Amino acid sequence: MSEQTQFVRQATLKSEDKSHFEKINKAIRTYHQAVEKGQSDVFKDWQAARRVAAQIKEQALLQLPELLIQFEANIKKQGAQVLWAKDGHEALGYVWNIFKENQAELAIKAKTMVAEEIHLNQFLQGQGIELWETDLGELIVQLAGERPYHIVTPAMHKSLKEISELFQKKIGIPPTESAETLTQAARHFLRDKFIRSAIGITGANFLIADAGAIVMTENEGNGSLCMTLPKTHIVLAGIEKIIPKLTDLSLFLPLLAVSGTGQQLTSYNSIVWGPKQVHEVDGPEKMYVILIDNGRSKLYRSERFRESLRCIRCGACLNACPVYRTVGGHTYGTTYQGPIGALITPFLRGMREWFHLPYASSLCGACRDVCPVQIDIHHLLLEHRKMAVEGNFSGIIWKAIMKLWVILMMRRAVLNFLRPVIFFLTHYGTFLLPSDIKKHIPKLSPMSFEGEWRKKS
Amino acid sequence: MESSPVVSLFIPCLVDQVYPEMGIAMTQVLRALGYCVEYDSRQSCCGQPAFNAGHWSEAKTVARHCLQIFQGKEIIVSPSGSCTAMVRKFYQQLFSGEPVSIPAIYEFSEFLCMRGDTAKISGNFSGRVGFHYSCHSYRELRLKQEPFEILRKISGCELIELPGEPICCGFGGLFSIKFPAIAGAMAEARLNQFLEKNIDTIVSNDPGCIMQLRQEVKERRLTLAILHLTEFLSKAMKL
């Protein structure tokens, strides 16, 4: 089944699922209240903050190669190794070498979307490695055998009851309705994995060029454990994560926190300059930073689409999107869901298979208005559609309809001549179409405005 | 006596072919407010259906036709935020790099507010009235207060503002045909927001949104009127 067919099938199922809608929209309502408060509590001028953040990211993208080299040179000085992966395959190869070198059989992982993107979990499990997600939401998704539902809140689609049942089955706890008890159970379950793991894998929210440091923000403290307890720390990061200066964090940390969850600042913010230094007692002995391209340089090379690499993965566009709120995260079949997913997935994974996502938008623009780095998402989706037509992906029927439409629109006489036929078709000819499409076909009025005007004057 | 200012109508394809009454209502209101209204029957469409679908070369052909017809017109008024946004904003994207001169086109509520005509509006309408923003007028043209400024001039009705950012009705042009299930669920979600407030009349400024919402109302057999702002005014002003 093609990606498009799967999307339409899933989307149709979810569109009719009222309890899904209620659950997701309740969570998103709470999110929006928090964000509104967060924006006004932290920023005197939220719009100005967005503008500055967009400028900094844009500048960084213009000097992307230079900044990445600067980052590499600086973090190497502090003893970390930097590996450059052109795609997921290469990144997984690096990861596997590190596992082999360390004879690691057990590893812990913090929440990172780029690991999802390169299918790290499936790969390592296929190699016989025991890998545990340590972020609570990610652990829930892992135990359920699913993929993240949302780039920030991966288990947003699970109710307390569902999580309780899952934990009863998978980690053998008694039934409970308390979120606190469930969290404690997860902590308890993970504790010895933290202690026994030889390798900790994390992502990075930012790579800082001038400091040669990686930054990770999280709310649970599990990420800090992943990068400090095991002897080896692997960082997976997309190349677009670069920001020029350490001081840029004063804007980007609150910006990400507010847009992601409505918090003024995420609970734990770690800046890591490298592995354990000679004078230090704690920390990993080895640190590897794997810089992953995996299609990003295609976006980088496109002048029009480059701005999509500004994305800081806050998830605000998902929460604002009425399509996401209807179909939910899994329907997309992508690592990155919602508007940003529709924007970047065709570049990361191929136009031919994914061009339907830019079409699956009503172009309402709510995504652009909430984006903290002002990515012009919905206008770029229009550019995608243009490319889909130019690449002949969008189907011959639409091409024919458009040709006919031009003929009708260019000459009033032709339009008026054919009007009775179109009138008849829109009123009596739609029985051939599926009922859900049928209702969306406009029915022509007996007389056009032009006809009425002519009659009166 | 000073001669009445001339306004050229831009009648979107959907109004021309499906909802001529919206165009007629707009003409009546504009005339009642003292404008001389003219209409060029060669006009058809702004080109948005093809533009949104990615068929930019067809869109350009129709857009050029539109530009040619409105060349030199001093003031153009349209009963659609979406078509206005297409001409004013999206033509720049469509013709990127090519020189085009964009005519002075205004969405109906925007035009009345800009001209200070709201003071001349008075009327009566009974019911609980809500307003549905078309996304293009709200987020492309940034019209927020304008429709309400006009609605407030009508007495007898209770005007209810919905909290939070307005959400899309799910029309999105060809989106509703390509993804009818999603579009239908979005319309339902939007309508529910109005129903929760016991609103009985929804006014909007875009024929596309109105079509989408009316379909949903019909399917659910609701007793809820969906009116274009022009229709609402022509009723309230007893034109």
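User: How many bridges pair β7(B) with strand β8 of chain B, and in which sense?
Analyst: β7(B) and β8 (residues 225-228) pair over four bridges, in the parallel sense. Strands pair if DSSP finds at least two bridges between them. Strands are DSSP E runs of at least two residues and helices are H or I runs of at least four, numbered from the N terminus. This is a predicted model: local features need pLDDT of at least 70, side-chain atom pairs count only at pLDDT 80 or more, and totals for chains, interfaces and linings use all residues. Residues are numbered from 1 along each chain as its sequence is written, with chains lettered from A and ligands numbered from 1 in the order in which they are written.

User: What is the bridge partner of B:Thr201 in β8(B)?
Analyst: B:Ala225. Strand β5 (residues 123-132) of chain B also runs parallel to β7(B), joined by four bridges. There, B:Val129 has B:Thr201 as its partner in β7(B).

User: Which way do the β7(B) residues point?
Analyst: B:Thr201 and B:Val203 point one way, B:Ile202 and B:Ser204 the other. All are buried. Buried takes 20 or more other C-beta atoms within 10 Å of the residue's own, exposed 12 or fewer, partly exposed in between, with C-beta atoms placed from the backbone.

User: New topic. How many residues of chain B are in contact with chain A?
Analyst: 52 residues of chain B, against 48 of chain A. Contact means C-beta atoms, placed from the backbone, within 7 Å.

User: Which helix of chain B gives the largest share of that side?
Analyst: α10(B), with seven residues.

User: How do the residues on that side of chain B divide?
Analyst: 28 are nonpolar, 16 polar and eight charged. Here Ala, Val, Leu, Ile, Met, Phe, Trp, Tyr, Cys and Pro are nonpolar, Asp, Glu, Lys and Arg charged, and the others, Gly among them, polar.

User: What are the model's ipTM and pTM?
Analyst: ipTM is 0.96 and pTM 0.95. Chain B averages a pLDDT of 96, and 99% of its residues score at least 70. pLDDT is the predictor's per-residue confidence, from 0 to 100.

User: Over to A:Ile129. Where does that residue lie?
Analyst: In the loop between α7 (120-126) and β3 (130-133) of chain A.

User: Why does A:Ile129 count as partly exposed?
Analyst: Because A:Ile129 has 17 other C-beta atoms within 10 Å. Leaving aside neighbours within four places in sequence, A:Ile129 is in contact with A:Phe99, A:Glu105, A:Ala107 and A:Leu124.

Key. Contact = placed C-beta atoms within 7 Å.
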